[in-house]
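Student: I would like to learn how to read a protein model feature by feature. Could you take me through one slowly?

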Amino acid sequence: PELERVALAVEDYTGIAIDHYATFDFEAFIDVIDSLGGVEVCVDYALREGGKDLLPAGCSAADGETALAWVRSRATQEFVDGEWRFIEGVSDQNRTERQQQLMFAMLAKMKTMRSPAALAGIAESVADSVVLSESLSMGDAVAMAWDLRGTPSSSIRRLVVPTESEVTDDGSFALRATVPFRELLDG
């Protein structure tokens, strides 16, 4: 029921029907990335968080744990001119952009697979950690992912929703969209 409410909220905000959804936990995320043999992540400067190295400068193959740490990092530091400095303006929006970058890296890895059976093997290995909407079977999810391989990355629009910070009545921190989604989609 909670995931269905989230899907309805996304439909309400975007005006786009959500036919299916899939969710998975952090362990499954790590397993998927590792099953793909890691993904390529490119950064301008070496990164760390909490004194722990995340990624070297340039492009590198990130395993599941590294990829998860990178997409979740909130207090990211970069090594510039011989010094570590906090990256200014790191926010949930930056994290979303990193998550999108990682999804494109995963798509690039999937494009190297030779058969749907290879993709099905990965799906089977994480099936216990994945929750699918009632309208979606694992077989259908694998078929959809296999078909996605034929979609050029350049044809996928990456929208950034402008937001502003706000504190809710219960004291929680939240981001509020400042532009209606339809304007972003039409623009």
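Tutor: We will go from the whole chain to single residues, keeping in mind that this is a predicted model.

Student: What does the secondary structure of the protein chain come to, and how far does the C-alpha trace span along its principal axes?

Tutor: The secondary structure comes to 7 helices and 10 strands, and the C-alpha trace spans about 50 × 40 × 35 Å along its principal axes. Of the 187 residues in the protein chain, 27% count as buried, while the chain exposes about 11800 Å², of which carbon and sulfur atoms supply 53%. If we take the contacts between residues at least 6 apart in sequence, 58% of them join residues at least 24 apart.

Student: How should I read a helix, and what span does helix H1 reach?

Tutor: The general idea is that an α-helix has 3.6 residues a turn, so residues three or four places apart point the same way. In this structure, helix H1 covers residues 2-14, which makes 13 residues, and it reaches 18 Å from its first C-alpha to its last, close to the 18 Å expected at 1.5 Å a residue. The residue that follows H1 is Gly15, whose phi is positive, near 75 degrees.

Student: Which residue other than glycine has a positive phi, and where does it lie?

Tutor: As a general rule, most residues other than glycine have a negative phi. Asp81 is a case with a positive value, its phi being near 50 degrees. Asp81 belongs to the loop between strand S6 (76-80) and strand S7 (83-86), and at 77% relative accessibility it counts as exposed.

Student: In what order do the strands of the open sheet come, and is the pairing parallel or antiparallel?

Tutor: In general, the strands of a sheet pair through backbone hydrogen bonds, either parallel or antiparallel. Here, 4 strands form an open sheet in the order S4-S3-S6-S7, and the pairing is antiparallel. The edge strands are S4 (52-55) and S7, each of which pairs on one side only. Neighbouring strands of this sheet are turned by 40 degrees against each other on average, with direction ignored. If you look at S6 and S7, you will find that they pair in the antiparallel sense over 4 bridges, and that the bridge partner of Gln77 in S7 is Phe86.

Student: Which helix packs on the sheet, and which strands does it touch?

Tutor: Helix H3 (residues 64-72) packs on the sheet, where it touches strand S3 (47-49) and S4, and its direction makes about 95 degrees with that of S4.

Student: How many salt bridges does a search of the whole structure find, and how close must the atoms be?

Tutor: The idea is to look for a side-chain nitrogen of Lys or Arg within 4 Å of a carboxyl oxygen of Asp or Glu, and a search of the whole structure finds 5 salt bridges. One of them joins the side chains of Glu78 and Arg85 at 2.8 Å, N to O; Glu78 is buried, with a relative accessible area of 12%, whereas Arg85 is partly exposed at 41%.

Student: Which parts does the salt bridge between Arg176 and Glu164 tie together?

Tutor: The side chains of Arg176 and Glu164 meet at 2.0 Å, N to O. Arg176 lies in strand S10 (residues 173-177) and Glu164 in strand S9 (residues 163-167), so the pair ties together parts that are 12 residues apart in sequence. Both residues are partly exposed, Arg176 at 37% relative accessibility and Glu164 at 35%.

Student: How many residues apart are Asp186 and Arg182 in helix H7?

Tutor: They are 4 residues apart in helix H7 (residues 181-186), and are thus separated by about one helical turn. Elsewhere, salt bridges that share partners join Glu164, Glu166 and Arg176 into one network.

Student: Which residues does Val131 touch, leaving out those up to four places away in sequence?

Tutor: Val131, which lies in strand S8 (residues 130-132), touches Leu3, Tyr21, Ala22 and Thr23. Val131 is partly exposed, with a relative accessible area of 41%.

Notes. Residues numbered from 1 in each chain as written. Predicted model: local features only at pLDDT ≥ 70, side-chain atom pairs only at ≥ 80, totals over all residues. Heavy atoms only, no water. Buried < 20%, exposed > 50% of the residue type's maximum accessible area, 1.4 Å probe, protein only. Helix = DSSP H or I, 4+ residues; strand = E, 2+ residues; numbered from the N terminus. Pairing = 2+ DSSP bridges. Axes fitted to C-alpha atoms, helices over the stretch in contact; angles between N-to-C directions. Contact = heavy atoms within 4.5 Å. Areas by Shrake-Rupley, 256 points an atom, 1.4 Å probe, with all protein chains shown as cover. Expected span 1.5 Å × (residues − 1).
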